[in-house]
Amino acid sequence: MANLALRNLTKAFGNTEVLHGINLEVADGEFIVFVGPSGCGKSTTLRMIAGLEEVTSGEVIIGDKAVNNLEPKERDIAMVFQNYAIYPHMSVKKNIAFGLRSSKLSKEEKEARILEVAGILDMVPLLDRKPNALSGGQRQRVAIGRAMVRDPAVFLFDEPLSNLDAQLRTQMRLEIKKLHQRVGNTIVFVTHDQVEAMTMADRIVIMKDGHIQQIGTPAEVYHQPANAFVAQFIGAPS
Ligand code: ADP
Ligand code: MG
């Protein structure tokens, strides 16, 4: 069952069309990675799914609902950004709780949910700390916790690892993969790093200049690249 679909999605800024008809069906629980060079339209696609950018034409469907006209907070999504915007003046717990600010859960239910998420992320002992007393990886986990706490149908990640050093990046890839196996929500993950895409994705969406070049499993795009660009992009040493 698809729980996210993009139907002939286009985006223009002024007179310049930057996305030229994106089509994709994502199954419930799938880990999808959008990959492609800088400027190819990955973030714009993600921002249209999130409702942060207006759709020029086409449709975004989440669950069974066409969401083009819904505000971000009315969509069953949560987003983790590259600069992971967590609040420096708030404790870890308050930062995670922020993800529930428009939730209808009772105070007790919210408390339980925050503890559950902190447990999954191994952050219970850190709940009272401020972000400046955390490592880069821990801060990244807080941002993920804030997204997770809502249990969204779809998680959106926009290059969440690109500001981390190489070692931490590799570690966080594994953590996010494990997290996905544990919680099972659909993930749409954007990166310009083909190694990240190949190691994390169930299916990869390879983009160039606002067009999808190929959609397939890592093995498919590696062994049966649709064109020379895909072959070069996936095969290129990182
Ligand atoms: P990526 O995330 O793959 O690097 P983006 O989605 O950010 O690419 O950008 C796709 C294209 O749209 C680029 O050419 C970029 O310059 C353009 N673009 C993105 N945001 C805006 C904007 N707010 N106004 C005008 N052009 C934009
Ligand atoms: Mg981007």
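Colleague: Which residues of α3 are buried?

Modeller: In this predicted model, Arg113, Ile114, Val117 and Ala118 are buried in α3.

Colleague: Where do they sit around the axis?

Modeller: They are on the same side of α3, because they cover an arc of only 135° around the axis.

Colleague: Why would a helix repeat like that?

Modeller: An α-helix has 3.6 residues a turn, so residues three or four places apart point the same way.

Colleague: And which exposed residues are on the face turned away from the buried side of α3?

Modeller: Glu108, Glu109, Ala112 and Gly119.

Colleague: What do the buried residues of α3 pack against?

Modeller: Two helices: α2 (92–98) and α4 (136–148).

Colleague: How many residues does α3 have, and what does it span?

Modeller: Helix α3 runs over residues 107–120, with 14 residues. From first C-alpha to last it reaches 20 Å, close to the 20 Å expected at 1.5 Å a residue.

Colleague: What follows α3?

Modeller: Aspartate 122, with a positive phi near 65°.

Colleague: Back to isoleucine 114. Why does it count as buried?

Modeller: Isoleucine 114 has 23 C-beta neighbours inside 10 Å. The cut-off for buried is 20 or more, so isoleucine 114 passes.

Colleague: Which residues does isoleucine 114 touch?

Modeller: Leaving out residues up to four places away in sequence, isoleucine 114 touches Lys93, Ile96, Ala97 and Val149.

Colleague: New topic. Which residues surround ligand 1?

Modeller: Phe13, Val18, Gly36, Ser38, Gly39, Cys40, Gly41, Lys42, Ser43 and Thr44. By class, that shell has three nonpolar, six polar and one charged residues.

Colleague: Which element gives the largest share of the shell?

Modeller: Helix α1, residues 42–50, with three residues.

Colleague: Which residues of α1 are buried, then?

Modeller: Lys42, Thr45, Leu46, Met48 and Ile49 are buried in α1. They fall within an arc of 160° seen down the axis, so they line one face of the helix. Lys42 is also in the shell around ligand 1.

Colleague: What comes after α1?

Modeller: Glycine 51 follows α1, and its phi is positive, near 90°.

Colleague: Last thing. What are the confidence scores?

Modeller: The model scores ipTM 0.99 and pTM 0.92. Mean pLDDT of the protein chain is 92, and 97% of its residues reach 70 or more.

Colleague: What about places where pLDDT is low?

Modeller: There, the predicted coordinates should not be read in detail.

Notes
Residues are numbered from 1 along each chain as its sequence is written. Chains are lettered from A and ligands numbered from 1 in the order in which they are written. This is a predicted model: local features need pLDDT of at least 70, side-chain atom pairs count only at pLDDT 80 or more; totals for chains, interfaces and linings use all residues. A residue is near a molecule or strand if its C-beta atom, placed from the backbone, lies within 6 Å of it. Helices (H or I, at least four residues) and strands (E, at least two) are DSSP runs, numbered from the N terminus. Ala, Val, Leu, Ile, Met, Phe, Trp, Tyr, Cys and Pro count as nonpolar, Asp, Glu, Lys and Arg as charged, and the others, Gly among them, as polar. pLDDT is the predictor's confidence in each residue, from 0 to 100. The expected span of a helix is 1.5 Å times one less than its number of residues. A residue is buried if 20 or more other C-beta atoms lie within 10 Å of its own, exposed if 12 or fewer, and partly exposed in between; C-beta atoms are placed from the backbone. The arc is that of the directions from the helix axis to the C-beta atoms. Two residues are in contact if their C-beta atoms, placed from the backbone, lie within 7 Å.
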